[in-house]
Amino acid sequence: MPYVQADNTGGLEKKVTIQTLRRMRGQEKFVVVSLYDAPMAAMAQKCSVEVVLIGDSLGMTVLGYDSVIPVTMEQMIYHVEAVARGNDKSLIIGDLPFMTYATPEQAMINATRIMQAGAHMVKIEGGLWLTDTIRMLSDRGIPVCAHIGLTPQSMHKFGGFRVQGRDAERAATLLDDTRALNDAGADLLLVECVPAELGEQITQASAVPVIGIGAGAETDAQVLVINDILGLTPQPPKFSKNFLEQAGDIPGALKCYRDDVKTGRFPGPEHQFS
Ligand code: KIV
């Protein structure tokens, strides 16, 4: 029996909350999709996708930029509002874009705007330096998902989109970040593009659920970008999968992705890094 029940039309029966995700930990994997508009958000609800993320990836997938760096608060708010209008059951996470949370005070102001647009949680990228910000948001009632590993807003610092934590020093830093972000009050972690073994170690080191993308099969949840699921990305990343190809239509693709995460068929070894 699935942890989050589908209603008789196949959609989520009840609102998914952070409590739901905590209870699912170790029992059942949850499914996350990064998407940007009301019809897709409604489809995700109908296909029992527990969490929807309005990622700043929208800069590349929807707006035609070559990175996430140009994305603005106004663009994020516009898309969070659209998603929230289309889906009243999934947990909604909204990204804070580049340089909108460089100080705790700035994060407070901008996280408030994302929450007022309809998100239930904000996502911010970074490690140890974020702890004061997370404490400030969390103490004031704003749930936070902390994104570590490959953090696309820092792509110029990394010199491109590269797997993180292959060397012992960076792996140790990511594990230290995991503990520090937990202690600061993060409600979820998201880890992107690390070797599968490190993805598993981060999940074990975390007291809160860990969402993975290109982080192996042992995280508590998986996230994919809707454009990758639907085969719309010209050069899809190794960790993604075109589910439309096998399913034939959009609801089928979302259900296939969901089922494959739940049963452990996705990610397969071909989607993982070593
Ligand atoms: O912006 C986004 O969609 C994301 C996911 C790739 C995790 O951060």
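Residues are numbered from 1 along each chain as its sequence is written, and side-chain values use heavy atoms, with hydrogens and water left out. In this predicted model, local features need pLDDT of at least 70 and side-chain atom pairs count only at pLDDT 80 or more, while totals for chains, interfaces and linings use all residues.

View 1. Look for pairs of N or O atoms within 3.5 Å. The side chain of Ser57 places a polar atom 2.5 Å from a ligand oxygen, and for Ser34 an N or O side-chain atom is 2.6 Å from an oxygen of the ligand. The protein buries 95% of the 260 Å² that the ligand exposes when taken alone (Shrake-Rupley method, 1.4 Å probe).

**View 2. The largest pocket.** This pocket has a volume of about 690 Å³, the space filled by probe spheres set on grid points joined across faces, edges and corners. Ser57, Glu192, Val225, Pro237 and Phe239 are the closest to its centre among the 36 lining residues. On a 1 Å grid over the protein atoms alone, a pocket is an open set of points with protein on both sides within 12 Å along at least five of seven lines, and lining residues have an atom within 4 Å of a point. The ligand sits here, with more than half of its atoms within 2 Å of the grid points.

**View 3. The second largest pocket.** Its volume is about 370 Å³. Of 21 lining residues, Glu125, Gly126, Gly127, Trp129 and Ser154 are the closest to the centre. The lining divides into nine nonpolar, eight polar and four charged residues.

**View 4. The largest cavity.** A cavity is a set of points where a 1.4 Å probe fits but cannot get out; this one has a volume of about 40 Å³. Its lining includes Ile213, Phe239, Phe266 and His271. Seven lining residues are nonpolar, four are polar and none is charged.

Note on methods:
Polar contact = N/O pair within 3.5 Å; in protein donor to acceptor, adjacent residues only side chain to side chain. Nonpolar A, V, L, I, M, F, W, Y, C, P; charged D, E, K, R; others polar.
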